[in-house]
Amino acid sequence: MPKKSQLHDEHAPLNLSLNSVKQSLTDHLIFSIGKDPITATERDWFFTLANVVRDRLIEGWMETMRRYYNHDAKRVYYLSMEFLIGRSLMNSVLNIGFIDEVRRACIDAGVQLDKVQELEFDAALGNGGLGRLAACFLDSMATIGLPGYGMGIRYEYGMFNQKIESGWQVEHPDNWLRYGNPWEFPRPEVLYPVKFGGRVVEYCDENGRACHHWVDTDEVMAMAYDTPTPGFGAKTVNNMRLWSAKASRDFDLKYFNEGNYIKAVEDKNESENLSKVLYPNDTTAMGRELRLKQQYFFVCASLQDILYRFLKHHDSFDDLPDKVAIQLNDTHPSIAIPEMMRLLMDTYHLDWDHAWSITTRTFAYTNHTLMPEALETWPVSMFEALLPRHLQIIYEINQRFLQDVIHRFPGDTEQLRRMSIIDETHGRRVRMAHLAIVGSHHVNGVAQIHSELMKATIFADFERCYPGKLINITNGITPRLWLNQANPRLAQLITNRIGKGWITDLAQLRKLAPLADDPVFQAEFLAVKRANKEKLAAILANKLKLEVSPDSLFDIQVKRIHEYKRQLLNVLHVITLYNRIRSNPGLEVVPRTVIIAGKAAPGYAMAKLTIKLINDAADIINNDPATRGLLKLAFLPNYDVSSASEIIPAADLSEQISTAGTEASGTGNMKLALNGALTIGTLDGANIEIMEEVGRDNIFIFGLSTEEVTNLRNSGYDPWGHYHGNEELKWALDMIASGYFSPDQADRFQPIVHALTRSGDRYLLLADYAAYIAAQEQVDALYRDPQQWTRRAIFNVAGMGKFSSDRTIGEYAEKIWDAKPVL
């Protein structure tokens with residue numbers, strides 16, 4: 001039994017001193033975990049350390065919330081179906097600023113911090129850039145002191161664990177809550193009903209006003225879980241509130257008493273499936289219905305919560321747009337617009353015009369795609385079944401909106417058809433992007449070219465109708481995670497030379513530019529990169545049993561597997577290199593290790609076949625003695641935030657090779673360049689702005705521009721011309737088609753070759769192939785000169801100041817939210 005003197009005085013403030021941290025470790029191990037140091041496991045120590053850190057977050061969290069209330073601050077609510085948070089332990093320790101004390105306390109307790117931190121599960125509540133962007137934004141809002149709240153779903157199972165079995169992706173459940181989540185606070189008292197189905201009863205009140213009552217519904221409860229999200233320095237600790245589905249009753253006692261135990265809990269299980277898994281496979285009708293229900297579930301709970309908080313301190317909804325800003329992260333939460341109208345009219349009895357004015361001044365929408373097929377739509381029949389009142393409201397919004405369009409452009413019925421929220425040409429569907437645009441005061445793209453194309457193509461009618469409504473805010477990333485935490489060696493080198501101000505003001509990286517020609521700094525920079533590559537090489541050896549040389553060029557492509565991201569173009573280059581090495585034994589080749597990572601959507605057959613091709617090609621190439629070890633290909637499974645933090649700092653070359661006009665922005669390009677990788681890329685997304693910031697000479701640009709892509713498609717693109725006109729391309733494709741890489745099934749990859757030839761090569765891989773190969777030859781030539789390569793890598797780091805999410809959030813606050821930091 002510990003002595004009283006060992007414990008904190010109950011009123012003593014927690015501080016960051018070594019003694020305080022050591023005492024907290026002892027206290028939490030015994031009183032929170034219930035273990036003695038002799039019997040404690042590494043997982044026990046992880047939860048102990050998490051509690052130590054959490055204690056110090058809570059004080060700042062409470063103080064932040066009090067500060068917001070005292071200032072009656074305008075609050076920003078960021079609604080997102082995804083928050084790809086990753087691990088929180090080291091992020092919180094670094095943001096609070098007591099890493100040295102934590103390390104020392106762990107050493108004194110005989111705890112290996114590096115091992116303990118690896119036991120934390122990634123909170124993979126997102127499937128890629130959309131969710132990671134949301135997490136970066138929460139970090140930046142807290143860092144600059146903006147009253148910002150993330151609101152989403154507490155998925156019981158996050159993005160699937162990807163395993164590679166016989167070269168194929170196999171999805172396994174991501175049970176990230178298996179051992180509990182030490183960072184969250186359950187709020188059983190914060191509970192809101194969410195309704196589905198039923199019917200709408202219309203009646204008139206005593207004033208003759210039409211009223212609507214949504215009745216005979218199925219009901220599920222949404223319960224809040226809060227997670228503190230600290231900014232750098234932890235002066236501001238904001239809140240992320242995630243909703244978990246709970247049954248309105250645990251079980252049916254009648255069935256239970258009859259002995260039908262399965263039926264007794266059937267309703268409970270069905271209700272709680274809503275927050276069970278991230279993004280159900282929407283290739284089935286049941287999966288699509290569950291996805292729409294998820295969207296409404298978290299939006300409904302979030303809006304009830306927002307209005308409850310607002311009404312605690314304000315009497316009139318007229319003040320709502322001055323005190324609340326709601327940002328829709330893509331179309332997934334856009335059902336929030338009719339839901340806000342429903343609440344204001346049906347619950348709080350505002351008339352239509354009043355409610356619509358408040359709604360449209362409160363919401364803003366971020367678009368993340370230029371591809372029409374990626375713009376979310378839902379069948380009207382599904383809305384009728386699940387959300388009948390919302391469909392009524394959407395019809396009314398659409399009727400009033402189209403009336404306004406008629407007044408602006410009389411006689412243009414084709415424009416009415418194009419702009420309507422209801423698509424009448426594809427089986428009557430609700431266009432969620434159109435709903436979001438009509439119901440928002442601003443719509444933003446996420447890179448300059450994306451926003452320009454958005455206004456010129458998919459939303460050209462809206463730009464013509466409402467000029468100035470569509471704006472650009474280029475994406476950004478948090479330097480706290482993607483440099484300070486992920487690459488401590490480079491972070492320390494930069495801090496030693498220019499101070500640590502860059503952590504919260506990334507523009508200070510410009511101070512590195514004069515050091516690009518400094519031989520001493522070049523050598524230090526090169527040593528950092530070498531150490532990071534050695535670390536990644538060890539990971540490849542451990543996970544894949546693949547030996548690679550840190551002296552080789554580390555060529556990295558890490559992103560979701562999708563045809564438009566063109567991992568296949570990368571593979572074609574690898575096969576071309578392989579053929580050159582095999583057919584020219586004396587050829588001098590820059591040794592290259594090509595590393596690809598990313599997950600394919602479970603129902604996306606072509607993406608999964610691409611992963612199989614990568615792994616089959618790797619098996620042949622890596623084991624062919626004719627390559628003389630000069631070329632290695634690796635697919636690293638289960639790409640997530642933690643593995644990104646291991647891969648990205650080691651990259652020499654960053655592959656950003658999507659077809660021009662398809663990638664809205666990209667943030668992987670920013671992360672890799674920030675860590676000293678040179679980019680090979682098309683004029684797509686944020687690549688263009690990166691080129692402008694780092695200098696045209698310090699990036700490898702190739703391929704068709706967006707204008708050239710459009711012209712080529714309009715003139716009748718024929719991939720066969722490229723196939724027959726380029727011997728190396730034909731050779732590579734014929735090898736894939738003939739079974740060279742799949743001797744056990746010769747026709748396995750014919751669907752890939754078919755898509756690139758007979759089906760028209762939708763993403764123009766063959767058209768860009770020759771230019772890509774030429775750009776890769778420029779890469780080889782530069783890599784042969786380590787001094788020049790390092791010089792250009794330093795210029796890349798120095799030019800990345802613009803791409804901090806702090807700058808991005810500052811622009812949202814100024815241009816869209818009209819919100820101010822509260823410090």
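Biologist: Which residue forms a salt bridge with D780?

Modeller: In this predicted model, D780 pairs with R592 in a salt bridge whose closest N and O atoms are 2.7 Å apart. The two belong to distant parts of the chain, 188 residues apart: D780 is in helix α32 (residues 765–783) and R592 in strand β20 (residues 592–597).

Biologist: Buried or exposed, in the case of D780? And what about R592?

Modeller: D780 is buried, because its relative accessible area is 11% and buried means under 20%. R592 also counts as buried, at 1% relative accessibility.

Biologist: How many salt bridges does the count come to?

Modeller: The count comes to 52 salt bridges. One of them joins D461 and R418, with the closest N and O atoms 2.7 Å apart.

Biologist: Where do D461 and R418 lie?

Modeller: D461 is part of helix α19 (residues 460–465), while R418 is part of helix α16 (residues 413–419), so this pair ties together parts that are 43 residues apart in sequence. D461 counts as buried at 16% relative accessibility, whereas R418, at 32%, counts as partly exposed.

Biologist: Which residue does D616 pair with?

Modeller: D616 forms a salt bridge with R748, and their closest N and O atoms are 2.8 Å apart. D616 lies in helix α24 (residues 605–622) and R748 in the loop between α30 (727–738) and α31 (750–756), so the pair ties together parts that are 132 residues apart in sequence. Both D616 and R748 are buried.

Biologist: Which residues do salt bridges with shared partners join into one network?

Modeller: That network consists of R187, D226, R241, D305 and R309.

Biologist: A change of topic: how many cavities of 30 Å³ or more does a search of the whole structure find?

Modeller: The search finds three. The largest cavity holds about 270 Å³ of space. It is lined by 18 residues, and those closest to its centre are I85, S88, N91, T229 and P230.

Biologist: Which elements give two or more residues to the lining of the largest cavity?

Modeller: They are α3, α6 (129–143), β10 (218–230) and α20. By class, the lining of the largest cavity has eight nonpolar, seven polar and three charged residues.

Biologist: What is the volume of the second largest cavity?

Modeller: The second largest cavity has a volume of about 220 Å³. Its lining comprises 21 residues, with E120, F121, W176, N181 and W183 closest to the centre. Of these lining residues, 13 are nonpolar, five polar and three charged.

Biologist: Which element supplies the largest share of that lining?

Modeller: Helix α2 does, with three residues. At least two lining residues of the second largest cavity come from each of α2 (42–71), β2 (83–86), β3 (123–125) and β11 (237–247).

Biologist: And pockets: how much space lies in the second largest pocket?

Modeller: About 1100 Å³ of space lies in the second largest pocket. Its lining is made up of 33 residues, and L94, R103, N484, Q485 and P488 lie nearest its centre. Elements that give two or more residues to this lining include α3 (89–96), α4 (99–108), α20 (479–485) and α22 (519–544). The largest share, five residues, comes from α21.

Biologist: How does the lining of the second largest pocket divide by class?

Modeller: There are 13 nonpolar, ten polar and ten charged residues in the lining of the second largest pocket.

How values were computed. Residues numbered from 1 in each chain as written. Predicted model: local features only at pLDDT ≥ 70, side-chain atom pairs only at ≥ 80, totals over all residues. Heavy atoms only, no water. 1 Å grid on protein atoms, 1.4 Å probe; cavity = no way out; pocket = protein on both sides within 12 Å on 5 of 7 lines; lining within 4 Å. Points joined across faces, edges and corners; volume = space filled by probe spheres on them. Helix = DSSP H or I, 4+ residues; strand = E, 2+ residues; numbered from the N terminus. Nonpolar A, V, L, I, M, F, W, Y, C, P; charged D, E, K, R; others polar. Salt bridge = Lys/Arg side-chain N within 4 Å of Asp/Glu carboxyl O. Buried < 20%, exposed > 50% of the residue type's maximum accessible area, 1.4 Å probe, protein only.
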